[in-house]
Amino acid sequence: MKDLRFADYFLFTQHSLTTFEKCPLKFKKRYLENLKWDNYLGEEIRKRLEMGNNFHLMAYRYFQGIDPGITEDVEGYEELDSWITSLMRNFKKDEKKRYLPEYKLRMSKGILRLEANYDLIIIDGDNVEIWDWKTRVKDRENTKRDENFQRIRLERSLQTVVYLYVLKEGIKLLTQKEIPWENISMYYWQPEPKKMLAEINYSDKMHLDFERQLKDKIQRILEYDYSNFDKTLYKKSCTYCEFNWFCNNEKIDYKKMEEHEDFLDELAWDDIEELI
Ligand code: SF4
């Protein structure tokens, strides 16, 4: 059977790269064998994913100039309504700017075969902005320390690395001209309560560093020998993994999963199809 890792059409995403780091077998099952356990997510997580997904759909419609189309019978109507109202209030459309919501960019350069799915790209003359919506509102009050921790985590995340790198590499497709590094930026934004979670200004130094990081990660995946896989090394990831039954004959503890901050923070609505 062909090993998809080496196929020209196989593209790495922030999610697949993160999954490999958590467990190479999970990466193999999900991305090479295309296996999914449809019902592995607990009820509460499904509900939150659906709300996040609906928010992204409404935001997409808004930037396309279509009515967001929210109706009262939709899951979490009141919260969704406050999110989309906040978005429309803070992102007044300007006809001089180009808005590209839910935009997919792909690139290939040697082993760097990558895909990024952006919530929104805004092109304003020689400035290009990436916007990413974060709709997970934590149940507890955020302290300054939590906010700093979250900001640093987002700045250093694989999402930031993949999104900025792919954008810079593919920028000519969007703008028909080169854009200087310092004119490219990325923002993580929460609609309610309204908050800028992280703001990153790109640079040539970051681009070189991101390229090196991505090459290392992809090279590791391409060289990985599955005959030496040792599941004891990845035990920490098993508790929340949809393949827990297959590997360990153990069920997922949905309650623990819903309470696990990292798991919930890592859920990304724009890549929902990779998760469910
Ligand atoms: S259950 Fe554990 S060993 Fe099996 S794929 Fe998931 S993380 Fe890896």
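This is a predicted model: local features need pLDDT of at least 70, side-chain atom pairs count only at pLDDT 80 or more; totals for chains, interfaces and linings use all residues.
Student: Over the ring of which residue does the charged end of Lys28 sit, and how do you know?
Tutor: Over the ring of Tyr226, 5.5 Å from its centre. The rule asks for NZ of Lys or CZ of Arg within 6 Å of the ring centre and within 35 degrees of the ring normal. Residues are numbered from 1 along each chain as its sequence is written, and side-chain values use heavy atoms, without hydrogens or water.

Student: How many aromatic pairs are there?
Tutor: The count is 22. Rings of Phe, Tyr and Trp (its six-membered ring) pair if their centres lie within 6.5 Å.

Student: Why is the pair of Phe20 and Tyr224 called edge-to-face?
Tutor: The planes are 85 degrees apart and the centres 5.5 Å. Under 30 degrees is stacked, over 60 is edge-to-face, and the rest is tilted. So 85 degrees makes this pair edge-to-face.

Student: What makes Phe20 count as buried?
Tutor: Its relative accessible area is 7%. Buried means under 20%, exposed over 50%, partly exposed in between (1.4 Å probe, protein chains only). So Phe20 is buried. Tyr224, at 19%, is buried too.

Student: How do you know that S1 and S2 pair?
Tutor: They share 11 bridges and run antiparallel. DSSP must find at least two bridges. Strands here are DSSP runs of E, at least two residues, numbered from the N terminus. So S1 and S2 pair.

How values were computed
Helices (H or I, at least four residues) and strands (E, at least two) are DSSP runs, numbered from the N terminus.
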